[in-house]
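Welcome, and please take a moment to look over the sequence and the model before reading on.

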Amino acid sequence: MLDPTSVGLVKPQTVRFDEPLMLKCGRTLSRYELVYETYGELNPARSNAVLVCHALSGSHHVAGYYSEDRKSAGWWENMVGPGKPIDTRRFFVVGVNNLGGCHGSTGPASINPETGKPYGASFPIVTVEDWVASQARLADYLGIEQWAAVVGGSLGGMQALQWSIDFPTRVRHAIAIAAAPKLTAQNIAFNDVARQAILTDPDFHNGDFYSYGVVPRWGLRLARMLGHITYLSDDSMAEKFGRELRAGDYTFGWDIEFEIESYLRYQGDKFASHFDANTYLLMTKALDYFDPAYPYGGDLSAAFRPARAAFLVISFTSDWRFSPGRSRDIVKALLDNKLDVTYAEITSAHGHDSFLMEDPHYHALMRAYMENIDIGGGR
Amino acid sequence: MREAELSADIDPAVAQLAAARPDFQAIARWIRPGAQVLDLGCGDGSLLRYLRETRNAHGYGVEINDEGVLACVKNRVNVIQADLESGLSGFESGSFDYVILSQTLQAMRHTERIVREMLRVGREAIVSFPNFGYWRHRVQLLMGRMPVSRSLPYQWFNTPNVHLCTLKDFETFCEQHGVRILERMVLGNGTTVTWFPNLLGSIAVYRVEQLR
């Protein structure tokens with residue numbers, strides 16, 4: 001029996017676009033598919049739609065279950081559902097798998113119509129702007145002229161910000177959680193180490209591993225292990241694992257000795273078994289390239305000049321990958337444009353991953369903010 | 001006329017709040033309609049909400065406390081969670097018509113810095129604080145006790161107030177710091193005090209600007 005505060009059993013849907021999409025890298029996708037899920041109902045005024053953008057390894061499966069198995073829960077099950085902070089009794093929530101993804105939307109593992117073979121490494125580099133452009137077409141397809149809110153954490157938060165810049169009249173509220181206006185050199189460095197792990201895996205075959213019937217799992221595993229460390233905080237790792245030993249005493253060997261090693265390897269293996277290596281490369285690149293201030297000589301306030309949305313910006317004190325300081329940079333740029341903005345700095349021990357956790361204060365804030373979003377008469 | 005219309009529309013909850021905080025009304029009277037306002041240490045955001053509904057002001061609150069930030073969101077006012085003690089570096093110079101510090105000056109550690117920052121970010125600043133020179137406070141001191149009153153509702157050991165002052169003290173401070181006092185309103189028992197304000201007033205509200 002599934003929980004009544006869940007949207008319950010859900011099914012992904014696919015939409016195909018035949019209108020070519022010009023990408024920022026200069027290349028064009030002649031046609032592509034996006035996979036998405038929706039929860040709740042679009043009201044007659046079409047004014048209650050909320051887009052949830054996914055982070056690095058995310059997908060369209062935001063909430064609900066694919067089967068009675070609780071392991072199939074959406075990645076933001078604690079945030080989206082009937083009575084949850086993003087309340088599906090009030091909002092029509094849309095989750096979408098980004099272009100270049102590996103959960104159904106056109107990506108490196110898809111067949112390139114021009115060659116009849118998987119794109120592999122030839123899949124074009126996609127950026128946050130490209131995703132927003134493709135999501136705007138999905139909005140057109142769903143008959144949504146304006147989102148009540150575009151919401152996202154981390155890379156998802158960057159998409160919410162980009163939406164407010166690229167389609168100012170199509171977003172009433174932009175909610176950017178644990179995000180940044182651009183990556184720091186340290187962040188780009190972490191991303192590159194992760195990419196190098198994949199690129200140098202002998203099974204990578206320059207991205208065309210599909211035709212060899214192999215996957216670069218060791219590289220992907222290593223990339224994920226590194227990523228995972230940076231998404232947690234020192235304190236949360238210490239609390240969860242400390243220096244606990246697997247065998248109760250030192251074994252002076254190369255096998256798993258400490259519990260944290262066991263955990264990281266397990267997480268890495270799990271990830272490598274279902275995630276596409278080319279997608280991981282693409283998503284980290286999209287992160288690196290994101291910098292709306294770049295065309296304005298680094299002036300972030302100038303980048304937000306077109307924006308009209310009201311903003312909620314949330315950061316977490318223990319997030320050292322996308323620190324509160326980066327969120328304050330966003331807030332400063334919004335203030336410079338006299339836009340409506342609320343900024344909350346949540347005290348949390350869980351590092352960057354805090355945005356996925358169910359912290360009472362964080363959820364209370366989200367709930368209060370979402371409840372105040374005007375969707376016109378009635379529910 | 002416009003003002004009357006605005007007041008007639010006030011939410012009863014907001015009106016009730018204004019009655020409980022006489023300094024709100026004093027502050028609102030000084031705010032030009034449609035002004036850009038920054039309220040430092042804004043608490044639950046009720047002053048901003050009051051100014052939005054009575055003066056059509058647009059603004060932001062700054063608050064450090066989690067419950068305050070949540071209450072502001074519930075009050076539908078913009079709030080930036082930050083520590084005032086670390087300054088107002090997130091705000092551009094001259095970006096607000098008014099920067100308000102309501103009943104918070106006495107709890108600030110870096111009094112000089114916050115006043116300087118307020119007058120950098122705002123064209124004018126509005127400051128309200130409890131008057132330590134209020135006669136009831138003086139009487140309690142004469143009796144050998146630290147003053148406790150409606151405007152100073154704490155015991156010596158649990159008070160957040162670290163820099164209490166009298167009207168005279170504040171005015172000397174302004175003089176020494178190149179701050180011009182534009183207007184002053186002193187309140188006692190919910191009404192305006194014009195007669196011996198430093199003795200009979202329990203709350204002081206000042207509108208000031210930087211001498212250039």
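Does Ala176(A) count as buried or exposed? With a relative accessibility of 2%, Ala176(A) counts as buried, because buried means under 20%. Please keep in mind that this is a predicted model.

Ala176(A) sits in strand β10 of chain A, which covers residues 173-177. Leaving aside residues up to four places away in sequence, Ala176(A) touches Gly152(A), Gly157(A), Leu161(A), Leu312(A), Val313(A) and Ile314(A). Leu264(A) lies 88 residues from Ala176(A) along the chain, and the C-alpha atoms of the two are separated by 28 Å.

In soluble globular proteins, nonpolar side chains tend to be buried together. Here the largest nonpolar core holds 108 residues, and the members that touch the most others are Tyr280(A), Phe304(A), Phe311(A), Leu40(B) and Ile114(B). Domain 1 (13-182 + 293-372) and domain 2 (187-284) of chain A both give residues to this core, so it lies between them. A second, separate core has 62 residues, including Tyr39(A), Ile175(A), Ile177(A) and Met185(B).

What does Tyr280(A) touch, not counting residues up to four places away in sequence? Among its contacts are Leu56(A), Ala194(A), Ile198(A), Leu220(A), Tyr231(A), Phe271(A) and Phe275(A).

**Where the chains meet**

The size of an interface is often given as the accessible area lost when the parts come together. Between chain B and chain A, the buried area is about 1700 Å², and carbon and sulfur atoms give 53% of that. On the chain B side, Tyr60(B), Val73(B) and Gln81(B) lose the most area to chain A, together 29% of what that side buries. The contact takes 19 residues from chain B and 19 residues from chain A.

Polar links are found here too: twelve residue pairs are in polar contact between chain B and chain A. On the side of chain B that touches chain A, the elements giving two or more residues are β2 (58-63), α5 (66-74) and β3 (78-81) of chain B. The largest share of that side, five residues, comes from α5(B). How many salt bridges does the rule find across the interface of chain B and chain A? The count is one, and a salt bridge joins the side chains of Lys332(A) and Glu92(B) at 2.6 Å, N to O.

**Salt bridges**

Side chains of opposite charge can pair when their charged atoms come close. Over all chains, the whole structure has 24 salt bridges.

| Salt bridge | N to O distance |
|---|---|
| Glu19(A) and Arg137(A) | 3.5 Å |
| Arg89(A) and Asp87(A) | 2.8 Å |
| Arg221(A) and Asp269(A) | 2.5 Å |

Arg221(A) is buried at 14%, and Asp269(A) is partly exposed at 26%.

Finally, salt bridges that share partners join Asp192(A), Arg195(A) and Asp288(A) into one network.

How values were computed: Residues numbered from 1 in each chain as written. Chains lettered and ligands numbered in written order. Predicted model: local features only at pLDDT ≥ 70, side-chain atom pairs only at ≥ 80, totals over all residues. Heavy atoms only, no water. Core = buried A, V, L, I, M, F, W, Y, C linked by side-chain atoms within 4.5 Å. Buried < 20%, exposed > 50% of the residue type's maximum accessible area, 1.4 Å probe, protein only. Domains from an automatic or database assignment. Contact = heavy atoms within 4.5 Å. Buried area = accessible area lost by both parts, 1.4 Å probe. Salt bridge = Lys/Arg side-chain N within 4 Å of Asp/Glu carboxyl O. Polar contact = N/O pair within 3.5 Å; in protein donor to acceptor, adjacent residues only side chain to side chain. Helix = DSSP H or I, 4+ residues; strand = E, 2+ residues; numbered from the N terminus.
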